Amino acid sequence: MSSSGYLVHRRLLFHLCKSPCVLKRRVGQQRLLSTSGRCRTIMPAWVIDKYGNNDVLRFTRNASFPVIHYPNEVIIKVVAAGLNPIDVSMRGGYGSSTLSMKRDPLNIKQSGSEFPLILGRDVSGVVMECGLDVKYFRERDEVWAAIPPWKQGSLAEFVVLSANEISHKPKTLSHIEAAAIPYVAATAWSALVNTGGLSKDKCANKRILILGGSGGVGTFAIQMVKAWGGHVTVTCSQNAERFLKGLGADHTVDYTAGPVEEPLSQLEKFDLILDNIGGDTERWALGLLKPWSGAKYVTLVTPFMQNTDLLGIADGMMQTAATVATKALKHLVKGVHYRWGFFSPSGPTLDEIREMVDAGKIRAVVEETFSFSQVPQAFEKMEKGHARGKTVVQISQGGT
Ligand SMILES: NC(=O)C1=CN([C@@H]2O[C@H](COP(=O)(O)OP(=O)(O)OC[C@H]3O[C@@H](n4cnc5c(N)ncnc54)[C@H](OP(=O)(O)O)[C@@H]3O)[C@@H](O)[C@H]2O)C=CC1
């Protein structure tokens, strides 16, 4: 059968069995064809079969080929995959109880196990196949996406995602560059826009403090706020100051020279603080905000996953709600807003970011690129910390 003939066959299958329950029963029988016309049920990938250190990473040529379970899903051929600190954390078991619940919603594997698990939250690649309800994407479109942590990741030849999680890749970026942006962009956007209340019309001349500016989230957030006319102060190591000023930071404070709260408290107060560092920053950082002006402190370092991993979903969520409510109230009486920020995958958000990228307002900051065979080395590099931008793995050749 030709590949197009086979796709028609698959689409017919979807018409015949739109119910996920029926699909679930049929998944085991499905065989996919790649665009090359070869029959595919397996693919190369880096997987983990248990949680642990770098030794648990295993390369296999026999990972299950992704399957479209819902008609709004697409299969993407991965060209480049970006790594984030969450990949190192997930390799060690972070979020295991919370995320594995969502990972296999149809219980396809019926094994009760999330393994083998594929890491990698950023993807840039090419659409290989679309579900019947997919309207805005076609086979061979170049796309980018941030992958929710409960889905199989991009350290594989193919990945399946919902169409509302993907977006057309910026034309001005290579796949390697594009893979450096989605996860940190979706996080920074969610924290600054959805939680922090900033927008391109509500940012001019606002004073923003970014604690921890030299990593993936910080280097993106600096550029986003500058593109919208805000004033950016960042904390970073002395050896990152020039790099961050090159991205647009107006003022840098070296955290390695001593407690940053002293030099920061000499400055005019801030409208918004994005905290990428956590720990004891909460003790002093909220005092740097303009009181009674709607100023917000948004931290990305939250105990949400640890609580649910430790206490289970229900108790963990109750503990989380109690913690955040207590802190929010405590700071509200002092006239400032305390919030938690979360990564939030969204194709429409990436559409907006694509426009900023293609307009030259935001650039990709790739610190180091690894080949597919070097995934363990890429993780080792991530674990050393001191990021100056993003770590990207080239999975295959293709596209621009
Ligand atoms: N809640 C959520 O959904 C999400 C949370 N996060 C969290 O946000 C944080 C940032 O993520 P990301 O940018 O990707 O991480 P990276 O590892 O890319 O960057 C962290 C950066 O912080 C710098 N740094 C370390 N300590 C300090 C300090 N005390 N003051 C200032 N800078 C410091 C490091 O460089 P150096 O050590 O050389 O100074 C490094 O460049 C992480 O903790 C991550 O877990 C990220 C995404 C989603």
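Which residue just after H13 takes a positive phi? Select Gly 360: its phi is about 80°. Residues are numbered from 1 along each chain as its sequence is written. The model is predicted, so local features need pLDDT of at least 70 and side-chain atom pairs count only at pLDDT 80 or more, while totals for chains, interfaces and linings use all residues.

Next, select helix H13, residues 347-358. Helices (H or I, at least four residues) and strands (E, at least two) are DSSP runs, numbered from the N terminus. At 1.5 Å times one less than its number of residues, H13 should span 16 Å, which agrees with the 16 Å between its end C-alpha atoms.

Colour Gly 347, Thr 349, Leu 350, Ile 353, Arg 354 and Val 357, the buried residues of H13. Buried means 20 or more other C-beta atoms within 10 Å of the residue's own, exposed 12 or fewer, and partly exposed in between, with C-beta atoms placed from the backbone. Seen down the axis, the buried residues fall within an arc of 145°, so they line one face of H13; the arc is that of the directions from the helix axis to the C-beta atoms. On the face turned away, find the exposed Pro 348 and Glu 355.
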